[in-house]
Amino acid sequence: MPRVTVIGTGYLGLTHAVCLADLGHDVLAIDVDEEKIAKAANGEAPFFEPGLEPLLRKNLDAGRLRFTMSFAEVADFGDVHFLCVGTPEGESGRADLSFVYAAADALAPHLASGCLIVGKSTVPVGTARQVMNRVQAMAPAGREVELAWNPEFLREGFAVQDSLTPDRIVLGVTSGRAEALIREVYARPLAAGIPLLVMDLETAELVKVAANAFLATKISFINAMAEVCEQAGADVIPLAEALGHDARIGRRFLSPGLGFGGGCLPKDVRAFRATATSLGVDSVVSLLTTVDTINQGRRDRVVALARETAGGSLSGKRVAVLGVAFKPNSDDIRDSASLAVCTRLAAEGAIVSVHDPVAMPNAARIQPGLRYAPSVSEVAEGADLVLHLTEWSDYQAIDPAALARVVARRVIIDARCCLDAELWGDAGWSVRVLGRPERSR
């Protein structure tokens, strides 16, 4: 069984390292951030992800997972090196590849014998060959160092499940030896019937950005339909249900609401658009520009609706916000549509109070001027308006009659289209749902 290293212990890297160890591999993970390494070695995940921390501690205790800051140790230990560093949004939407190149440059001089580097980061097409040429030029082992690309498809909140039982494994290779090594690494998932799709480097790079672009397009499409429904007096929820029964379309991710955010979809859409621009593929540029515009427009719509329900001005109005993470089961507030709405409400003079089960500490570091409440009842106390912005199951379990006793006005905007509008209406609330007819008491 090949010995495995993981370079980068952020969201992707730490999850991948823990899950590889749980598949039975001896794993050595590295990061340049000493604090991250210390916490991980102590069994502490630096972010919230269901099920990850217990699995981290289990594999530390079993001796299958270790952490280091030495690239020389990593090079000496590993047969397969997974490159899992971030590619944040850079200038003009392009992916910032500085962390990818820095990691490759730090590892390459220590590679004295043949091995396989496997990229998992989301990168523009053509990056893999650039990294391969760069590493082979710097490594003492030269062309004995091979490179493959194995894009990740993790969903925050389901990352452990997606790592251990993915719906497919995509692999871009340049040799049969590289494919054979990866088959050894993923032997258990492959034995369980997970499909392995083998292709060239460029196609593997495109699979990830194409998948995210398609998902973003599907979300933006149903949100565009929500806008049509609002203007036509129709209801987007039964519309989505009817569309979802079409086998060519499917119901998953056909959910209207505030739109997508987080550290992947927005940046990947913009990075893919930048790549299409450089390649001269104007149709993709136009499509992804529209997708991004629709998505950003959902935030505009919620702010406008809040202003409307507040009587035309938000100045001095007390607004209670339920949810600030970009999605439930995560503490990630990167490009959070909810946090963006909160910021804009505050800029218009609203007194904004926020509750979230896990994301408030992260939000407070970015927006310390907002108020943060430890419970739903406290965040809603004296509120003129309640906004439901992240679809945590906790909020779907709220008793609207009980909450009605603490607010100043029984008005709620459900920007995620998942509360029981009839139940809230029966409790005396005026309920506004994106893409649905208004329900008033």
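**The largest cavity and its surroundings**

Guide: The largest cavity has a volume of about 80 Å³, in what is a predicted model. Its lining is made up of 13 residues, and those that lie nearest its centre are Val123, Pro124, Val209, Ala271 and Phe272. Two elements, α10 and α12 (265–279), each give two or more residues to this lining, and α12 gives the most, with 5 residues. By class, the lining of the largest cavity divides into 8 nonpolar, 3 polar and 2 charged residues, so that charged side chains are counted here alongside the nonpolar ones.

Helix α12 packs with α13 at an angle of about 155°, and the axes of the two helices are 9 Å apart. Because that angle is over 145 degrees, α12 counts as roughly antiparallel to α13, and the crossing of the two is left-handed. On the α12 side the contact is made by Val269, Arg270, Phe272, Arg273, Ala276 and Thr277, which meet Val284, Val285, Leu288, Thr289, Asp292 and Gln296 in α13. The residues of this contact divide into 6 nonpolar, 3 polar and 3 charged.

Helix α13 (residues 282–309) in turn packs with helix α14 (residues 337–347), here at an angle of about 40° and with the axes 10 Å apart. That angle makes α13 oblique to α14, and α13 passes α14 in a right-handed crossing. In α13 the residues involved are Arg299, Asp300, Val302, Val303 and Ala306, and they meet Ala337, Ala340, Val341, Arg344 and Leu345 in α14. By class, this contact has 7 nonpolar, no polar and 3 charged residues.

Sorted by class, the lining of the second largest cavity has 8 nonpolar residues, with no polar and no charged residues.

The other element named at the largest cavity, α10, leads on to an open space. Helix α10 (residues 201–232) gives the most to the lining of the second largest pocket, with 4 residues. That pocket has a volume of about 170 Å³, and it is lined by Phe214, Thr217, Lys218, Phe221, Leu243, Arg248, Ile249 and Leu254. The lining residues of the second largest pocket divide into 5 nonpolar, 1 polar and 2 charged. Helix α10 therefore takes part in two linings, that of the largest cavity and that of the second largest pocket, under the definition by which a lining residue has an atom within 4 Å of a point.

Note on methods:
Residues numbered from 1 in each chain as written. Predicted model: local features only at pLDDT ≥ 70, side-chain atom pairs only at ≥ 80, totals over all residues. Heavy atoms only, no water. 1 Å grid on protein atoms, 1.4 Å probe; cavity = no way out; pocket = protein on both sides within 12 Å on 5 of 7 lines; lining within 4 Å. Points joined across faces, edges and corners; volume = space filled by probe spheres on them. Axes fitted to C-alpha atoms, helices over the stretch in contact; angles between N-to-C directions. Parallel < 35°, antiparallel > 145°, perpendicular 65-115°, else oblique. Left-handed = near helix turned anticlockwise from the far one by under 90°. Contact = heavy atoms within 4.5 Å.
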